[in-house]
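Please walk me through this model in the viewer, one selection at a time. Tell me what to select next and what is there.

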Amino acid sequence: MALSGRKHAEEREAPERASCTAPVLRMLLMTSLLLAATFLVALLPVNVASVAGARNSAAPREGRDDPVTPVNPDLAGRVLGVQCQHAHSAAPMEGGVLPVVDGVDNPAFWNLSMFGHDTDYLDEQKSFRNILLAFSYDWFLDHSGAVAKVRKCGEKYEDFVGTDKYDSVLRNALAQGIEDNLVALLMRRTCGQTGDFSTCSPHYQLEDWATAVNKVASEYGKAIKFYEVWDEPGFDTSCGDEAASQRFGDKGYEKYADVYSDYLPVLQRAYQEIKAGEATCGGWSSTVISGSLLHFDPYLYPPDDPNNPNDGVNATQAFDVYKNLFNHIGSGPSGGGEDVSIVASSKNTFVAERPIYFSYNDYKKNGGPPLEETATVNRRGGHVAAGYPVSSSPGGSSTWYFAEGCTRADLGMEEYICVYNPNNEDVYLGRRYDFSDGSGSKSVGMWEYDTETGKYDYAEAMKLPTVPAHKRVTICVHGEAGLERDVSTYIEGFIPGADEYMKPIPKKVFAERVMYFNFRGFSGGHCAVGRPSQAKSWYFAEGTTRENAFDGRYETYICIQNTSGTAAECALTYMRTDGTTLTLSVPVGPYSRRTVNTRDDLGPDVDFSVLLISDVPVVAERPMYFSLPGGINDGSVEVGATTPRNDFYFAEGATYDGVFREYLCIQNPNPSEAKVTLTYMTRDGQSIKEFDISGRSRHTVDVNADIGLNQDVSVRVQSTKPVVAERPMYFNYDSKRDEVFIPEKRDPAEVAIRYGGGHVSSGIASPAKKYVFAEGLAGHYFEEYICLQNPNDDAINVTLDFYSKWGKCWSKTYPIEGNRRITVSVFEELALFNCCDSVGVHFLRNPLGDDGMSWVRGYRLLRNLMNEYSHFNHPDKELIVASCGWAWSQCGSSGTPMEVGEYTHEQARKGLLYAPSSGSEAGLNGLFFEDAQDRCTKAWYYIDIDGPYTVDNLLYGLYDHLNHVPTCVWSETGYEGGYKAWQEAILDTPDLVPNDVLPQR
C-alpha cells in the first residue's frame, strides 16, 4: 500500500458495516412548501477591476424611476439575487395539482414558472438579476418516454420536450445581463407539479440520470456557471420513524433513500457528467454545489434566548449529516456507507488487489456483542482480495462456490455475499446452502424443473429481487440460511429461458463472500473471492498451529464443500517446513460441508502446507484465526489453488516499521527441489532475491528482512517448477483523526482506533487487462484501497469504474510508471469533498432570536466544522448558503405586520438589512460582513413570487406577479432599501450574445 494511502489510513477511524437488510427506499424531500421547481439566486464574487465593460451599478436601470441606493464599497464585487419559487398557483388545476404527463410538453409547468404566465415576465421586472432554472429529469424525456440523447455541438434538435422553453427563458435572462449568475438545479422532477412526492425519488437508473445531466451541461454550459445537485437531500421526512431519518426523495411513501449511500452516487455521477458536458462544447468551468444536507431546521437561537424552542438542545444536531460526510470514512449511521463494486481496466496488462481495513460493529443484530457506547468497537481488522481477471466481456461466471461460511451467534458470525452484475440486463440469482450438521440443503430463489411436463418453473426465483444490470447487491447469508449454521454456498446466475421449455439461460456475475466474527478471543473479518467451479485437487501454501508466548495463538481449518449427490473421499496431505508429510483420509457426505481442525491432526507449533485430493470434484477453503502479542487479533481466509504454477504476482505489500509485517509462503508439492526468484518492485526500483525449496515442503520468506523497512512493495514470484505461493500480512497501527463523529454520540470525540489484524492473498497467475472487485465499501468506518501494479517497462494508464447499487457513480484514470505500483484510496475518491466544488446549506427559518443572528450562528458553526477537516479547509471549497429566509406571513396595506404566519415585518427587516453601517449583523448583513476567514461570498435568498393570495398583501414574496404589486419586503422606509437595495448594488458583467451560448435549434 502506498505511503500516502497508509498515511490516510492512520489519520482515520473506520466505520461500522452497513446492515445487510437493504432499507426499503423511501424519500425525503423538500418541505411541503418546496412543492415546485425551486428557483435560486447567487451572491457571486466578481473582481471589479477585471470586469470588462462593467456598467455603473449606481446608475438607474432602464424602466425604473425611483432613486438607487449608492453602492456600499464593502459590497464591491458581490452579486446578490433572489431564489424564486412558485409553491402555489391561482391557475386552474385538476384536484388542486397540475396535470403533468411524462413525454409531453406540459405547458402548465411553464405557465407557473418564476416568469409568470409567459416568458416575458423577466422583461417586466428588471430587478431580478439572478435566476435558478430547475432542470428536472422528466423534462428531458422524448415523446417515447426515453431520455433524449445528448446533443452534439452544433447539432440542431426539433422534437425534444421542453428544451425550447429553456432556450426562451435563458435568452431573456441573458438579454438582461444575468449571464454571470445563472444557476441550474438538477433533480428528478418538480414534485409539486404532480402533487405526488413519490415521483421525486432519486435516480435509481444512473445512466438515464447521467444522460440528462450531461445534456444540460453540454447544451447550456456556455451560459450557466452554477449547478446545485438536488435541493435538500438531507431533510428529515421520517414522520416519526427514527429508522427513516436522514433520507431524501419521496415524502415518506413507498420509497426512501439514505443520504449517505443514495445521495452520494447521484452527486458523484452528476459532478463528472457536468464537467464532461461542459468540456464537450467549450463551456465554463462551473461550480457544482451539493444539496443542503441539513436533516432538520437548526433553530440556532442564542443559548440563553427564552424564545428558544429547543430548550437547551444542541443545535449542532442539525449538522449531523455534514459531520458524517465531511468525515468521509465515518459516513453515517448504522446503515450508512456507499457499497461499491470496482472494475479496473487498461489497454495494457497489470495486476490489481484490494485491501480493506475496518472497524465494524453489528448492533447486536445477529446475537453478537452489543454496541459499545464509545467509538471503540469490537471487530477491527482487514481483508484483501486479488481482482478477478476478465479476458472476455462480460466476464465472471454463472456459478460460484464458497466452501466456508458460518452464521453461529455464539461465534459472533455474520456472513454476506456481494454480487456485481456486468450484464446489460437484470439477472436472477439462485442460491443453495449446504449444511455441515447432516440436515441437508436449503434453496433460495432457484428455478425448479417439472419432470412431468419437462418445463422449468421460476415461481421461487421471482419472489426475490434480481441483480440489476451494472449494479451491486449484498446477500445476507445469516438471514437466508438461518442462524447457528456451518454452511457452504452455491450461487447461480440466470434468466428465464425463452424456448418452449423455458430452460434457464446462464448469466455471468462476480461474487465475493465477507464474514465478520467475535469468538474465543478472535475478533475481525475476512473475505474470499468465490470459485467458479469444483475440482479434485486443492493446494494451500500457508498454514500453522502455533501457540506459544512469543508467536501467539493460531487456529487453522480446512473447509470442504461437496455439492454433488455422491459422497467424497478426500486425501489430506500436510507438508511441514521440515520436509516431513502426513496424509489422512477425510470423507465428505453428499450436499454437505466438512470442517477439519488442523491442530487435531498436527498438534501445536507446526508450520505446514496442504494438498487435498478428492475422488469427486469439491471446493476447499482455509480459514485461519489468530491472536498475537501487541494487539494483532483477526482472521484470514483463502480459497485453495487448483493447480501449481510457475508465476505469481502480488500487487499489495508493505514493510513499515512496527506497522506492517509481510511474508511469502511458498509450497513446493514436487518431489524434487525448485529454484525460486523474487522480483520486488518498490518506489526506488527493482531488487531480486533467489533461493531453493526442497521437494514436498513449505518455505517462508520474511519480506521485511529481504528489502528493508518502510517500503511499499509489489512482488513477482517465478519458479523453475510449479509451486503455490501466498502472501500473508500482519498489521498494527492507529487510525487517528482530529475529530471523529460517532453517530450514537452527538458530540465529537478525539479517538484513535488501533487496527491490529492480518490478511492473506494467493495473488494472480498472470497480469490481465481487466479485473472486477465485487466487494467494496466507501465510508462507514471502512478504509478501502486498490493497489495497482505495473509489471511492464513502459508507463500505462489504468481506469477504475465504481458501481454502486444504483449503477456507475464514478470513474477515474491513473497513470503508473513502468515497474511501479500505486495505491488508490477508494474512500477518498468517493468522499463528498471530491464530488462537489462547494458545500450548500439552507437556512429555511427566518433570522431568529432578538439579535436576528441565527443564520450567522449556523454559518459559523458549519464553517468551523468544515475547517476541522483538512480536505474542506481549502479556499476552493466554499460554504454556500444555497437558500435562506422563508417569507411567509401577512402585512397590511400600510406595510404593518399582521398577527398571522411566521415571517413578520421585523424579521424581514432583519433579514434584508442592506448595509453594515447600521451596526447590525443580522440576516444577510451578518453573512456578508463577517471577518474575512468566515465570510459568506455566495448566498441565495429564498422568496416566492406568487402565493395563494387569500388575503391582500400576503407577505409571501417580493413581488406579486398576478397584480404586479410589490410586497412590503421589497422597498420600504426602515428597511434601508430592503431587497431592492441589494439588487441595485449588483455589478453588471459583460453581456453574452444568446446566439453564441445557447443551442441553435
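**Strands S43 and S44**

Select strand S43 (residues 838-843): six bridges join it to S44, and the two run parallel. Strands (E, at least two residues) and helices (H or I, at least four) are DSSP runs numbered from the N terminus, and two strands pair if DSSP finds at least two bridges between them. Phe-843 has Cys-884 of S44 as its bridge partner. Buried means under 20% relative accessible area, exposed over 50%, partly exposed in between (1.4 Å probe, protein chains only).

**Source and confidence**

This is a predicted model, in which local features need pLDDT of at least 70, side-chain atom pairs count only at pLDDT 80 or more, and totals for chains, interfaces and linings use all residues. Residues are numbered from 1 along each chain as its sequence is written, and side-chain values use heavy atoms, with hydrogens and water left out. Colour by pLDDT, the predictor's confidence in each residue from 0 to 100. The protein chain averages 74, and 63% of the residues score at least 70. Over residues 1-128 pLDDT stays under 50. Where pLDDT is low, the predicted coordinates should not be read in detail.

**His-383**

Next, pick His-383 in strand S9 (residues 380-386). His-383 is buried, at a relative accessible area of 1%. Its contacts (heavy atoms within 4.5 Å) beyond four places in sequence include Arg-354, Tyr-516, His-759 and Glu-775.

**Helix H6**

Finish at H6, where 17 of the 22 residues are buried. Just after H6, Gly-282 has a positive phi of about 70 degrees.
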